[in-house]
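I opened the structure to look up a few points and noted them as I went.

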Amino acid sequence: MDLFDKFKIWVSFIFLISQLGHGFYLPGSYPHKYGVGDTLSVKVNSLTSIETEIPYSYYSLPFCKPEGGVKDSAENLGELLMGDRIENSPYRFKMYTNETQIFLCKTKPLSSDEFEMLKKRIDDMYQVNLILDNLPAIRFTKKDGFVIRWTGYPVGVKVQDLYYVFNHLKLTVLVHKYEEPNVARVMGTGDAAEMIPTVDPGSEVPGYMVVGFEVTPCSFQHKSGSLKDLEKMYHRYPSAIECDPSAVGMSIKEGEPIAFTYDVTFVESDIKWPSRWDAYLKMEGAKVHWFSILNSLMVITFLAGIVLVIFLRTVRRDLTRYEEVDKEAQAQMNEELSGWKLVVGDVFRSPTYPSLLCVMVGNGVQILGMAVVTILFAALGFMSPASRGTLLTGMVIVYMFLGIAAGYVAVRLWRTIGCGDKKGWASVSWKAACFFPGIAFLILTTLNFLLWHSNSTGAIPFSLFVILILLWFCISVPLTLLGGYFGAKAPHIEFPVRTNQIPREIPPQKYPSWLLVLGAGTLPFGTLFIELFFIMSSIWMGRVYYVFGFLFVVLILLVVVCAEVSLVLTYMHICVEDYKWWWKSFFASGSVAIYIFFYSVNYLIFDLKSLSGPVSATLYLGYSLFMVLAIMLATGTVGFLSSF
């Protein structure tokens, strides 16, 4: 068995675990064949809004419920953490069978609570999210001559002082003929056909794949006389239903029911199955995105080159100058010399709070490793948008297993600072296992109470909380302790010079050194801020983020720039005889987190318009703080290790 075969087996094994019983295939790469007349069932996800960012269950509003009752679909860890609640719906139809004026149900007369809730959801611009064959419903609207794509459709609309609900849906399903020979090509491997079910090539029964799902919502006032004889679901509405998206008719009133209907049309499309997600990924601003990213990469690469050249030339010049001074002249000029050579006996003096530094560096290695592995696999197409929650699930799994790296780095650095002393390594391992997860747990628990109070589906269920704690203490903590054990056994790093017993006095500085450290974060921030805008838009504006290849390049560039910035800052401090470089090298690159937090506040005020209400703003700032802390640990670790 060659190396490539072993790699394929390991990749398959990892994704088999991550899918947890969802089938042995790459996420989003399974074409489902439907015969003519086969039943297609639409699912519903949580109601979402970019105004509040608080998701709610679809059935929290008085919508029609399926005949067999509401059932949850199987969800993975990532979906639950993201607030997705996918449930069955009453919308169903047969493959390649057009149907019009299908009656769903007539609700009970709206109570005062239901009426007020509907009005609030319409005011907050909540969207209904339908899913067919893993494809979200997409809506097209025209504005100023441009076609704008939206996922989902609004609950309703307010016109003057009246509220109207969209109670009739015109659904369009795009289908493509099933092509058996294309399966192996889609999977990208010659033996892929053995991994998925196949159909007898001799079969002449036509089959179709769903390649698009479009929705046009309408507000239609049903006649009370026409509804009297309609009691059963899926009966045909007796009179014609005119679906005009630009007009509204069904106003909601307290004490009056709402009738729901739908049409479905099947259209044969030229879209191939592997390209069915293109409509969701071709969001507006794509050209600006690519050009901005490329421009940012060029500018930052140029700046990084300048920083590197200046640093190398400066050090080489100083080294040459010191080498030219012979020993006798050096003895006479010791008092006149200034620069890094004077602090050679103090530069490895133990920093303040050494255990905290070791723990933060260990956690930074863990977070950075998780980011690299996750983004790399996403860039290779393993974590496509077609598989909801896979990205977040993968991040959690990779983070837990990288606990062994966190423990190893933290303990080995602890022993190096202590000149080989093993005392206290278990304590450092425990702190490394609990520092970042503990802070994250505290932030998420606080935010979860706000979501529980709001009855939002974004609240993590108590059972999931128990699962996360068990994963933390049964997998992450033992692996971190194991890594610490290996770190204690590994030889510590020997310092190249001996440290003086009496610390040298640091001369007074013209400018506070921390001012320079905080300002150093601007250069790493320059590598990220354009990509940050698109990431923030995908998280908070409901867009699909898919350019993981660019994100991976930006991540590599960020690591390079953080290392160079920290190197230069450390060198500048030592040149002015300030040998307390440990924490400053960490925060020189880690200070990029401050600028990211300021950018998050700016995004909240100017792009999200401060959201709707204090709860939404608190949630946004809480999640931003969590993200900023992770970035600070990762970038600070890069800066510290490069300087060290």
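The entries below cover a sheet, a surface patch and a helix.

I am working with a predicted model. I looked up the strand order and found an open sheet of four strands, β3-β2-β6-β7, with antiparallel pairing. β3 (87-94) and β7 (135-136) are the edge strands; each has a single partner, so one side of each lacks a neighbour in the sheet. I then checked how β2 and β6 are joined. Two bridges link β2, residues 39-44, to β6, residues 130-132, and the two strands run antiparallel. Lys43 sits opposite Ile131 of β6.

I searched the surface for nonpolar side chains. Phe449, Trp452, Phe462, Val466 and Leu470 make up a nonpolar patch with about 530 Å² of accessible area together. Two or more residues each come from α12 (425-453) and α13 (462-489), and α13 gives the largest share, three residues.

I listed the buried residues of α11, among them Gly403, Ala406, Gly407, Ala410, Leu413 and Trp414. The buried residues of α11 pack against α9 (354-379), α10 (390-401), α12, α13, α17 (582-590) and α19 (614-643). After α11 comes Cys419, with a positive phi near 55 degrees.

Definitions and conventions:
Residues are numbered from 1 along each chain as its sequence is written. This is a predicted model: local features need pLDDT of at least 70, side-chain atom pairs count only at pLDDT 80 or more; totals for chains, interfaces and linings use all residues. Side-chain values use heavy atoms; hydrogens and water are left out. Two strands pair if DSSP finds at least two bridges between them. Patches are made of residues with over 30% relative accessible area and no salt bridge: like charges are joined within 9 Å, nonpolar side chains (Val, Leu, Ile, Met, Phe, Trp, Tyr) within 5 Å. Accessible areas come from the Shrake-Rupley method with a 1.4 Å probe; for residues, only the protein chains shown count as cover. A salt bridge is a side-chain nitrogen of Lys or Arg within 4 Å of a carboxyl oxygen of Asp or Glu. Buried means under 20% relative accessible area, exposed over 50%, partly exposed in between (1.4 Å probe, protein chains only). Contact means heavy atoms within 4.5 Å.
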